[in-house]
2 protein chains.
Amino acid sequence: VNVFIASIEGELATLTPEESWHCARVLRHKAGDAVKLIDGKGGFYDAALTLVSEKKCQAAVVSGPVLQTKRKYYLHLAIAPTKQIDRIEWMVEKAVEIGIDEISFIQCKNSERLVVKHERMVKIVESAVKQSLQACIPVVNELTAFKQFVSQARTGQSFIAHCGKMEKMNIGSVVFGNLSSLVLVGPEGDFTKEEINEALRHNFKAIHLGENRLRTETAGLYVCMAAALSGK
Amino acid sequence: VNVFIASIEGELATLTPEESWHCARVLRHKAGDAVKLIDGKGGFYDAALTLVSEKKCQAAVVSGPVLQTKRKYYLHLAIAPTKQIDRIEWMVEKAVEIGIDEISFIQCKNSERLVVKHERMVKIVESAVKQSLQACIPVVNELTAFKQFVSQARTGQSFIAHCGKMEKMNIGSVVFGNLSSLVLVGPEGDFTKEEINEALRHNFKAIHLGENRLRTETAGLYVCMAAALSGK
């Protein structure tokens, strides 16, 4: 049974425009077909299609919501996009599979890429959510300048992962459970000293990701996996 | 300074044929140029090229070996290759970055791919070793049938990660430090019941990788990261 993202009001489910196109055009569904729906906020539904067209598909909810088990942590990863965009794209896909709540893109001094197609990232996120049988859609934020990003108001604990020489905690000793955590991961060429100091001034704590030199996208995924493994 | 893989005998270093071609043809080095060498067994060297040709490059060792810090665990990952080979290729790249000692490919009942180009995998491994500034080259084994693989003699602890319903330990509670560990990761569609039973009969312990359904390549990388984070 195929899974679609829909907005649900009572027993009426309306698929998003992209999902409608996919449902009608690519998968060639007909009214009456059984489908599974997710609302993006943690609910799974069984439904039957009532209206199928390339612009708009609707369904009648048969049962649900069944709620996705909540993760015990909130993880917000802020990462500098890589020069080769496919590298950050696969990281986004994998991060969603492992579990993430919010992804931000930050523009740093050493960034070699200054554009991120927000719409495409959202699509990758949604597709990974469905593929990994989840019902919550992580938030994807637009590219923001580093200085502006670190000075934004926030709650919970905040970390900056960098390769500079200073006393740093191993991410393996960070406790993620029952907390909201924001982790910054820098570009190829790392954060500059000025950026690190700026983050520390805004109460980010410095962490490291082990002995090896990791690529940006590997570092981002390592953060997600460390959070998932924390306390296990 | 560029890094090359070489076999070292006393003060004479001979680059591998592929590295020689890369050194002479792609990077257009000349005799006298300073290079860094790794011997694939954990040693870093400084050297100066003495002979440069597309078929054979040699260098005189100036200093070394400086030994790479040893990891505190030995990790052998045995994984079913994915239908789309690029997915397993990036996993191999990332696994090397994070740290791995041996990679095997296993042919399972549900495998959709029955061929792995060994030479190409070795190239990916070597390139990732150099990129992440390491000096040890992990072993890459040829594709082996599941049944044959699990019955091979081995030392240390052995695990099979699968999605079947039975009592399983979370990989986060496995202790990897000071031990040799072998972990099996199955294909799209998972191991069959028969394969799981076969592994259990050969003293593999069942583990799980958390609540979410992971793709094969994500699962493989999760194992590597769990080992790296174990005891941190």
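Analyst: Contact means heavy atoms within 4.5 Å. Beyond its neighbours within four places in sequence, Asp39(A) has contacts with Ala6(A), Ile8(A), Tyr45(A) and Ala135(A). This is a predicted model: local features need pLDDT of at least 70, side-chain atom pairs count only at pLDDT 80 or more, and totals for chains, interfaces and linings use all residues. Residues are numbered from 1 along each chain as written, chains are lettered from A in the order written, and side-chain values use heavy atoms, without hydrogens or water.

User: Where is Asp39(A) found?

Analyst: Asp39(A) sits in the loop joining strands S3 (34-38) and S4 (43-52) of chain A. Strands are DSSP runs of E, at least two residues; helices are H or I, at least four.

User: Is Asp39(A) buried or exposed?

Analyst: Buried (under 20% relative accessible area, 1.4 Å probe, protein chains only) is the class of Asp39(A). Asp39(A) has no salt bridge (Lys or Arg side-chain nitrogen within 4 Å of an Asp or Glu carboxyl oxygen). Lys41(A), the nearest side chain of opposite charge, is 5.7 Å away.

User: How many salt bridges link chain B and chain A?

Analyst: Eight. Arg215(B) and Glu93(A) form a salt bridge at 3.3 Å, N to O.

How values were computed
Buried < 20%, exposed > 50% of the residue type's maximum accessible area, 1.4 Å probe, protein only. Lys, Arg positive; Asp, Glu negative; His and termini not counted.
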